[in-house]
Amino acid sequence: MSKLDCQALLECLENIFADYASVAMSTTEYQTVFLKYETLADIGTLPQCSEVTNKYLKLQDGDIVVTNDPYSGGTLLSSPTLIMGIGSKVVKGQTPAEILIASRITLTPRVGEFKTVDDEGLRIPPSPFFIKGEKNSAIIEALKAHPLTQPESIESLLKHAEKLLALRENLKTLMQNSGPLDLNKARLRMYFDATENEFKKRLDDLGEGSSRSELLLSQGQNIKLHVDHLDGHFHFDFSGTSQGDTLFMTDSAVIGVVVGATISLLKAKIPINSGVYRCFDIKAPRGSLVNATFPRSVYLGHTDGLNIFANLVVQGLGGIHKKNSWAVSGPSQCAYQLTFSDGRRWIDQLGSGMGASERFTGLSGINLWSRTHTNCSVEKIENLYPVQILNSGLRANSAGEGRYSGGQGVVRSIKLNEDADLHWCFASPPHKPEGIHGGKAAMGAEIVHQNLAGEKLELANSGHLKIKKGEVITVMSAGGGGYGIKI
Amino acid sequence: MAWSIGLHLGESVMELTGRSSQKHSDPIAKHRCFYPQGLPGTALAQFFTKHNITEVSQFELITNLPLKIIESAHGSPIAVLTTLGFENWLEINLPIKTPHFTSQPEKQPFVIDREFIFGVNERTNAAGHIEKLIDDTELEFLVSKLQLHEIKNVAVCFLHSLKNIENEKRVAQYLTAKGFQVYVSSQHTSADEKDRFWSAIANAYTFKYYTEILTHLMAELKKVALPDAKITVSTHAVQDVIDGKVTPLQTAFSFSDFVGSRFAKTTDLLYCGIEEMLFFKSMGQPCDQQPMASYNICTSHWPFTKMRLQPASKLGRGFFSELTFNDDKVAFDPGPMLFGRGLNPTLFDLLFLSVTENNIQGLTDKIQERGRQRFTESLAAYARNMADAQNSSGQQLADKILKMAAAKWCTDLKLAGHPNNSSTVTLCGPLAQVVQKHLKGHVVGDDFFITTSLLGASL
């Protein structure tokens, strides 16, 4: 298999999945052939979803399984995954899957402080959604009847399942012998080897060596990381990380953070498949906040937590080679939710400032570790909900200064035209986003409540509050730290 | 004898057709050229001289130039007046351009200078009630600032202006009276204010350069135009665009509207132009929004999909291979390597490397033997580097990459709603014959098909 053949295979896969946002293609031997991500968690959890599902349900051609369970390879409950089996060889009257496609959609989340994963909403363990291409009415009706299900969620899932089934036919044709997607074992092995070789060639940019870093999240909650990079192989060891109090991640999400944050330091776009995964070893002690156990809630860990962990991984790699050091980016997406008396819910979040690095000023108001573009419209929001947005723009002076300054955070003020319940949940480490090599720290995230008398009160990182008509909520996201001493 | 002229004006290429009488049987004069930056009038004058055209009774222009000015960020500095508190609103909503995670992500380019975005103390609420009326003293101050910076074109973008246009209207009247060219967002219809704001901005941003080019054309046309000559772009008089009575966006889709509405009513059509390849889905109805790189433009037009791979798409290093397509494009000056001066290999070079039988006026004569030789040598060098276990010649490499290009085009056709079989698509335009070799499908008309049809439409 020549380099050009590998390139052609990669482009063929990119074409096939061009209109999918978050998708993975794996073999039933759990080798990841292709992965396209929207979030860091996708990088680790999509292959895990396929593996867990097929291990227990032994998918047949045309079977589609639904799950949103973070402890079965899912991530947020509002991001369910459909796993479809594709097979063409009939064995004893069955057509076992040879290829697994895991595709994720994003629905409206719930924002809040949750103690367990079941408090977050309806958790769906891997369940047969379609059987041999036909709807599984029993499961679909049961999901529809559940009080925590939003009817539009099931419709979105059904629509997505139909799209996957149409893709199955196309894939079967392409996967025939000598077709452009002939994924026989020998070809796959060569493809993964070529990926690993090309990936390793690019690792010169990262340098070799080891580093230790530690992040204190709150009293009694810390993450310890030892990174080792030698001969194109990475070892990330989280031994010593505490059990956690509010912030938890699953082990598969941690894989996503480690791989995603590492490849972000390389100039080239890296195709993610088993050839890349095998360059990483990750040790995450079970029961710690980097390998949470059921029934811990992972909502905060799989939103803001991803950003915090990614900052730490980048910091660890920066400790090996100074060229890669990067100031801390605003960690919280500042998610909040307003619920009105008629049951309408408005969920909002803000981009934050990115940390500066050598020769690069941080971007302002972005969600660095997500490619989900939320197209927010002031007029639409004001037409749909009893609120008036008083301002929405970059937060002045929120960036850390330096030779290269960090990006600015965002500020948004909302005046309520009706009473509402406010829920918010920001993961905010005790210190502000730090600068490096003499760069200044940025301002941290804040949320302020202004009552009818005009008195302003800064709120805690998370909580629940009843807001009266005419009162104003101001949400301010963090900026990014600066790099180097400002001359 | 009076002539009818049709002109398709692209960013670098212009195609002209002319007929000397009202009879369809008369021969048609055809001309295609790469025109010097901003000076299409010179090429028009040469066409008139060559064909001894001394009288023009009809002149019909189709173009997508305003869209190209936006894409290439060649517009003029403008000011944006927006509701106070929302000065950064458009900027913070720009999506990240880089699809993968990176330590140096890029946002889509922001064409407005932050210094020239002014927050105005005004507010209309969601019910359309004006909570804060514009204050003239604030406008006086703004005018002095704009004059200081010699800004002539202004976009006025207020929240809920569709519900109540009063504040935008007052500002527009005030600024117009002071000699500014003003575009208001309430001129456009969209439930998302950002689309309306960007549309007003697009008009202000493209006005100067676009009208300069039209003025240059008109200067030549006036020398030969009869007093009652009909000189139009889309359905509008060209002079009205120059005078600001018609906005740039009202004519920005004149090319695609012409192609789509005339030829894509019953068949899926892929227009294979030198500058761009556009797909028109049959049975399309005019739509109100056109997605650009980071926002939508609100103007009623015939829907089309721009193919991701264009003739000027650069070839560069991929993850595995040293030669694959990347997202950048070359400009037509110096152009592809085959033109002799270009340094970057492009899809155009691959398409025309071994083409000798297709004579495309104004294009194949630009291909130089020196350029062909240089590209062939480059390709052979790439092939040697990438040979691995399999021996591969430059031509084999070119064939493989063209196969990848065809696969990408097929994907785009499929995503745009064409059935999963590219052989059923109809191709037209100057590159149709060349593209057909790789994509299949069937070709209609010659390489002047669209511009000749334009002439037919005007007669």
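A:Arg123 is partly exposed, with a relative accessible area of 22%. On this scale, buried means under 20% relative accessible area, exposed means over 50%, and partly exposed is in between, using a 1.4 Å probe and protein chains only. The model is predicted: local features need pLDDT of at least 70, side-chain atom pairs count only at pLDDT 80 or more, and totals for chains, interfaces and linings use all residues. Residues are numbered from 1 along each chain as its sequence is written, chains are lettered from A and ligands numbered from 1 in the order in which they are written, and side-chain values use heavy atoms, leaving out hydrogens and water.

Back to the arginine. What does A:Arg123 form a salt bridge with? The partner is A:Asp69, and the closest N and O atoms are 3.1 Å apart. A salt bridge here is a side-chain nitrogen of Lys or Arg within 4 Å of a carboxyl oxygen of Asp or Glu. A:Asp69 sits in the loop between S3 and strand S4 (81–86) of chain A, and A:Arg123 in the loop between strand S5 (99–104) and strand S6 (127–131), so the pair ties together parts 54 residues apart in sequence. Helices (H or I, at least four residues) and strands (E, at least two) are DSSP runs, numbered from the N terminus. A:Asp69 counts as buried, at 5% relative accessibility.

Next pair. A:Asp61 and A:Arg168 meet through their side chains in a salt bridge of 3.0 Å, N to O. This one links distant parts of the chain, 107 residues apart: A:Asp61 is in the loop between helix H2 (40–57) and strand S3 (64–67), and A:Arg168 is in helix H4 (residues 151–174) of chain A. Are they buried or exposed? A:Asp61 is buried, with a relative accessible area of 10%, and A:Arg168 is buried too, at 12%. Both belong to a network of salt bridges that also links A:Glu169 and A:Lys172.

Now chain B. B:Arg308 and B:Asp412 form a salt bridge between their side chains, at 2.8 Å, N to O. The two are 104 residues apart, with B:Arg308 in the loop between strand S17 (305–306) and strand S18 (313–316), and B:Asp412 in helix H12 (residues 394–415) of chain B. B:Arg308 is partly exposed, at 42% relative accessible area, whereas B:Asp412 is buried, at 6%.

How many salt bridges does the structure hold over all chains? The total is 41. Why can such side chains pair? Side chains of opposite charge can do so when their charged atoms come close.
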